[in-house]
Amino acid sequence: MDFYCLLKEKAGYFFCLEDRALLCRQCDAAVHTATPYVSSHRRFLITGVRVPLQHYLTKDGNKIIG
Ligand SMILES: [Zn+2]
């Protein structure tokens, strides 16, 4: 069974905690309506929150990690 669709370009993405998988809306519906067991999976909408690169830099622009 290959439900995972990392390469599809779709507007909405869901992350399933139990599957540890990123799914498009279409695959999320297909996967998580298949059985009562998978319908209890905890799924989160990927909201597209941006992570600033400055998080890894000092005020002088030097890398903190790496
Ligand atoms: Zn799932």
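**Helix, sheet and core**

Author: Helix α1 lies across β1, β2 and β3, and it runs at about 110° to β2. Please keep in mind that this is a predicted model.

Reader: OK, in what order do the three strands sit in the sheet?

Author: The order is β2-β1-β3, in an open sheet whose pairing is antiparallel. The edge strands are β2 and β3, each of which pairs on one side only, and the twist from one strand to the next averages 30°.

Reader: How many bridges hold β1 and β2 together?

Author: There are four bridges between β1 and β2, the latter covering residues 21-24, and the two strands pair in the antiparallel sense. Within that pairing, Tyr 13 stands opposite Cys 24 of β2.

Reader: And how many join β1 to β3?

Author: Three bridges join β1 to β3, which spans residues 43-45, and these strands also run antiparallel. Phe 14 has Leu 45 as its bridge partner in β3, while Phe 15 stands opposite Phe 44.

Reader: Which residues make up the largest nonpolar core, then?

Author: That core has five residues, namely Phe 14, Cys 16, Leu 23, Cys 27 and Val 31. Both β1 (13-16) and α1 (25-32) supply at least two residues of this core each.

Reader: What is Phe 14 in contact with, leaving aside its neighbours within four places in sequence?

Author: With those neighbours left aside, Phe 14 is in contact with Leu 23, Arg 25, Asp 28, Arg 43, Phe 44, Leu 45 and Ile 46. Of these, Leu 23 is listed with Phe 14 in the largest nonpolar core, and Leu 45 is the bridge partner of Phe 14 in β3.

Reader: New topic, the hairpin: which residue there takes a positive phi?

Author: In the hairpin of β1 and β2, which has four residues between the strands, that residue is Arg 20, with a phi near 45°. Arg 20 has this positive value although it is not a glycine, and most residues other than glycine have a negative phi.

Reader: Is Arg 20 buried or exposed?

Author: Arg 20, which lies in the loop between β1 and β2, is exposed, because 8 other C-beta atoms lie within 10 Å and a residue counts as exposed at 12 or fewer.

Conventions. Residues are numbered from 1 along each chain as its sequence is written. This is a predicted model: local features need pLDDT of at least 70, side-chain atom pairs count only at pLDDT 80 or more; totals for chains, interfaces and linings use all residues. A nonpolar core is a set of buried Ala, Val, Leu, Ile, Met, Phe, Trp, Tyr and Cys residues joined through C-beta atoms within 7 Å. A residue is buried if 20 or more other C-beta atoms lie within 10 Å of its own, exposed if 12 or fewer, and partly exposed in between; C-beta atoms are placed from the backbone. Two residues are in contact if their C-beta atoms, placed from the backbone, lie within 7 Å. Two strands pair if DSSP finds at least two bridges between them. Axes are lines fitted to C-alpha atoms, for helices over the stretch in contact, and angles run from 0 to 180 degrees between N-to-C directions.
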